[in-house]
Amino acid sequence: MKTYAYGFPRLGRKREYKKLIEGFWDKKLSEHELKKGIDKVEDGILATYEKYVDKFPVGEMTLYDNMLDTALMLGLYKYENLPEYYNLCNGKNALALTKWFNTNYHYLVPDFASASKFNVIWNKPKEALEKHKKGIPYLIGPFTFLKLSKGIVAEKFGNYLLALADAYIELIRDFSEVHIDEPAFVMELSSEEIKLIKEIYSRIGVQGCAINLFTYYDSVDFIEDLYELPVKALGLDFINGRGNLAKIKKYGFPESKTLIAGIVNGRNIWRTDIENSVESLRELSQYAKSLMISNASPLFHLPITIESEHLDKELLNKLSFAKERLYELKLMAQVYEGNSEGVEEWNKEIHEFGVNGKVKERIKNLKGEDFSRGVPYLERVEKQRRRLNLPLLPTSTIGSFPQTAEIRKERMDFRGGEISQEEYEASIKEKISNLIRLQEEIGLDVLVHGEFERTDMVEFFAEKLDGIATTKNGWISSYGTRGYRPPI
């Protein structure tokens with residue numbers, strides 16, 4: 001049983017990615033120092049892949065966003081230096097930013113409004129392969145790239161897609177194997193779009209380059225048509241796309257292709273039940289003669305590793321971040337081959353959760369009246385109007401004001417013991433007072449206090465609640481250099 005992984009987080013164990021790029025923006029690092037640092041982060045990712053899995057892509061690393069990089073490869077935008085590149089990210093020519101499918105990741109949206117043709121002016125995956133011989137060149141697929149872009153006249157979608165196919169042929173011409181992500185295949189597509197997908201891949205897939213085609217986040221509705229594409233392997237999501245299994249049971253799987261089964265979760269942090277998953281694999285093997293295993297979706301939706309976390313041991317033994325997902329793949333392949341060493345240790349606590357008896361008792365004693373208010377809305381709103389005495393169109397602001405460098409330094413000094421709790425709290429109160437005074441002078445009607453005392457807006461509350469844990473290094477990519485630490 002071979003293993004395949006992709007989408008490992010690019011942030012770095014110590015958030016090197018953010019520090020390097022923002023250091024370049026602040027003119028503290030040269031372009032050479034930035035690229036050298038990013039290469040080091042990428043080398044670490046590839047070494048982690050190599051330690052645990054058999055196959056993995058190269059060229060996933062980006063200096064900001066892979067959709068932007070794809071647009072640049074195809075000549076949609078031109079840039080001559082890194083400041084011009086970053087102008088497209090967050091400068092004067094910045095592209096729109098939007099959510100990547102149903103995730104909390106965001107991408108830059110290429111705009112086709114002024115595009116007429118495509119020329120490959122940068123072969124990024126070829127550069128990556130020249131640096132890292134062992135991996136498989138990575139690309140976002142032409143359909144997903146076009147489908148998630150904007151400025152395309154609907155009637156010209158097919159023309160653009162066919163032109164993109166020709167550009168992709170040029171991109172992969174020198175490769176023996178390529179990794180192509182097409183998550184847009186799980187969207188609700190028209191029969192015309194499915195026909196176009198078959199047409200472009202009938203062009204791309206006969207160029208002598210073996211294509212490993214991945215789609216994820218949901219099931220594929222047109223799986224029979226997918227089977228017809230001239231690709232070597234299909235990567236399907238069996239965690240979020242449970243309909244994929246039902247379709248394979250119904251239609252089987254072509255003997256000429258390899259099924260890369262996305263069997264470990266790329267989007268949540270609970271450990272995989274290895275033995276359970278191996279049973280699912282054995283079931284899949286009845287339909288797919290050639291089978292590999294993989295993560296079900298990109299791993300950048302997870303923090304890097306649990307290794308540096310100081311959480312309760314009972315909780316820690318239930319968690320699996322990106323690096324641990326790779327270990328799970330290795331363990332699963334081993335068990336599939338008949339070696340169960342290490343599985344009992346990995347699985348021993350995953351099904352056992354502590355229970356808060358007080359909460360359980362309160363839930364048990366809830367009554368119907370606990371779910372409705374005693375005072376009707378019309379009565380409540382009238383009391384509120386009288387009490388607040390606001391004008392017809394009251395003015396206010398969003399509650400949170402900037403977490404400035406000064407505030408962050410004071411918080412760091414407080415946590416490091418440089419200033420006392422009294423000094424820290426006095427400074428926060430002064431900032432609140434100044435902000436309220438400013439709002440009163442301006443003449444706003446509903447005042448806010450600025451939330452100067454909080455760190456992350458979710459973490460601040462999570463730290464005060466039982467049954468919720470916060471991590472030290474559980475950063476997940478949001479967009480570009482930005483990350484967040486969701487509580488558990």
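## Close-up views of a predicted model

**View 1. Surroundings of Y201.** Beyond its neighbours within four places in sequence, Y201 is in contact with G141, P142, I180, E182, F185, I211, L213, L229, P230 and V231. The model shown here and in the other views is predicted.

**View 2. The largest nonpolar core.** This core holds 134 residues. Y86, F145, Y201 and L213 have the most contacts inside it. Helix α7, residues 157-172, supplies the largest share of the core, with eleven residues. Two of the residues with the most contacts, Y201 and L213, also touch each other. In soluble globular proteins, nonpolar side chains tend to be buried together.

**View 3. A second, separate core.** Six residues form this core. Among them are I428, I432, L435 and F452.

**View 4. Packing of helix α2 on helix α13.** Helix α2 covers residues 31-52, and helix α13 covers residues 322-336. Their axes lie 9 Å apart, at an angle of about 20°. An angle under 35 degrees counts as roughly parallel, so α2 is roughly parallel to α13. The crossing of α2 past α13 is right-handed.

**View 5. Residues at the contact of α2 with α13.** From α2 come T48, Y49, K51 and Y52. They meet K323, L326, Y327 and K330 of α13. By type, the residues of this contact divide into four nonpolar, one polar and three charged.

**View 6. G7 in its loop.** G7 sits in the loop between β1 (2-4) and α1 (16-25). Is G7 buried or exposed? Its relative accessible area is 5%. Buried means under 20%, so G7 is buried. Leaving aside neighbours within four places in sequence, G7 is in contact with Y49, E60, P298, L299 and F300.

**View 7. G7 and F253.** These two residues are 246 residues apart in sequence. In space, their C-alpha atoms are 25 Å apart.

**View 8. The whole chain, for orientation.** The protein chain has 19 helices and twelve strands. Its C-alpha trace spans about 70 × 55 × 50 Å along the principal axes. Of the 488 residues, 49% are buried. Among contacts with a separation of 6 or more, 72% join residues 24 or more positions apart.

Methods. Residues are numbered from 1 along each chain as its sequence is written. This is a predicted model: local features need pLDDT of at least 70, side-chain atom pairs count only at pLDDT 80 or more; totals for chains, interfaces and linings use all residues. Side-chain values use heavy atoms; hydrogens and water are left out. Axes are lines fitted to C-alpha atoms, for helices over the stretch in contact, and angles run from 0 to 180 degrees between N-to-C directions. Helices (H or I, at least four residues) and strands (E, at least two) are DSSP runs, numbered from the N terminus. Angles under 35 degrees count as roughly parallel, over 145 as roughly antiparallel, 65 to 115 as roughly perpendicular and the rest as oblique. A crossing is left-handed if the near helix is turned anticlockwise from the far one by less than a right angle, and right-handed if clockwise. Contact means heavy atoms within 4.5 Å. Ala, Val, Leu, Ile, Met, Phe, Trp, Tyr, Cys and Pro count as nonpolar, Asp, Glu, Lys and Arg as charged, and the others, Gly among them, as polar. A nonpolar core is a set of buried Ala, Val, Leu, Ile, Met, Phe, Trp, Tyr and Cys residues joined through side-chain atoms within 4.5 Å. Buried means under 20% relative accessible area, exposed over 50%, partly exposed in between (1.4 Å probe, protein chains only).
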